[in-house]
Amino acid sequence: MPKIMIVDDEPDLVRMVEFRLQKEGWDVVSAGDGRAGLELAEKELPDLILLDIMMPFMDGMEVLRQLGYRRTTRKIPVIMLTAK
């Protein structure tokens with residue numbers, strides 16, 4: 001089953017997106033900040049990452065750079081999101 005990973009620090013938003021994606025048949029995993037997102041991406045190897053730009057500890061742009069540096073995650077498509 002295809003897997004989508006959500007990386008966002010807004011729990012209500014994550015729950016809403018998870019619900020909608022799961023209803024459509026996607027396997028969904030999530031992380032609440034950039035550091036946790038990097039670890040989870042290497043562990044889960046999702047088919048797509050929905051990545052918030054503004055997060056504590058490590059912002060989405062740095063997470064995107066780090067994903068690109070890693071052989072295991074560099075080809076995972078990423079959609080960047082922001083509330084701004």
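**Entry 1: the model.** I am working from a predicted model. I started with the charged side chains, since side chains of opposite charge can pair when their charged atoms come close.

**Entry 2: Lys3 and Glu44.** Lys3 makes a salt bridge with Glu44, and their closest N and O atoms are 2.6 Å apart. This pair ties together distant parts of the chain. I found Lys3 in strand S1 (residues 3–7) and Glu44 in helix H2 (residues 34–44), 41 residues apart. Is Lys3 buried or exposed? Lys3 is buried, as its relative accessible area is 15%, and the cut-off for buried is under 20%. Glu44 comes out at 22%, so I put it down as partly exposed.

**Entry 3: Arg15 and Asp12.** Next I checked Arg15, which forms a salt bridge with Asp12, with 2.3 Å between the closest N and O atoms. Both sit in helix H1 (residues 11–23), and because they are 3 residues apart there, about one helical turn separates them. I looked up the accessibility too: Arg15 is exposed at 51%, and Asp12 is exposed at 58%. The cut-off for exposed is over 50%.

**Entry 4: Arg65 and Glu62.** I then went to helix H3 (residues 60–69), where Arg65 and Glu62 lie 3 residues apart, about one turn of the helix. Their side chains meet in a salt bridge, at 3.0 Å from N to O. Arg65 is partly exposed, with a relative accessible area of 41%. Glu62 is partly exposed as well, at 25%.

**Entry 5: strand S3.** How many residues of strand S3 (residues 48–52) are buried? I got 5 of its 5 residues, so the strand is mostly covered. In a regular strand the side chains alternate between the two faces of the sheet. Going through S3, I saw Leu48, Leu50 and Asp52 point one way, while Ile49 and Leu51 point the other way. All of these are buried.

**Entry 6: the neighbours of S3.** Which way do S1 and S3 pair? They are parallel, with 4 bridges. One contact I noted is Val7, whose bridge partner in S3 is Leu51. S3 is also joined to strand S4 (residues 78–81) by 4 bridges, and these two run parallel. There, Leu50 has Ile79 of S4 as its bridge partner. To get from S3 to S4 the chain passes through H3, and I noted this β-α-β crossover as right-handed.

Terms used
Residues are numbered from 1 along each chain as its sequence is written. This is a predicted model: local features need pLDDT of at least 70, side-chain atom pairs count only at pLDDT 80 or more; totals for chains, interfaces and linings use all residues. Side-chain values use heavy atoms; hydrogens and water are left out. A salt bridge is a side-chain nitrogen of Lys or Arg within 4 Å of a carboxyl oxygen of Asp or Glu. Buried means under 20% relative accessible area, exposed over 50%, partly exposed in between (1.4 Å probe, protein chains only). Two strands pair if DSSP finds at least two bridges between them. A crossover is right-handed if, with the strands pointing away from the viewer, the path from the first strand over the helix to the second runs clockwise.
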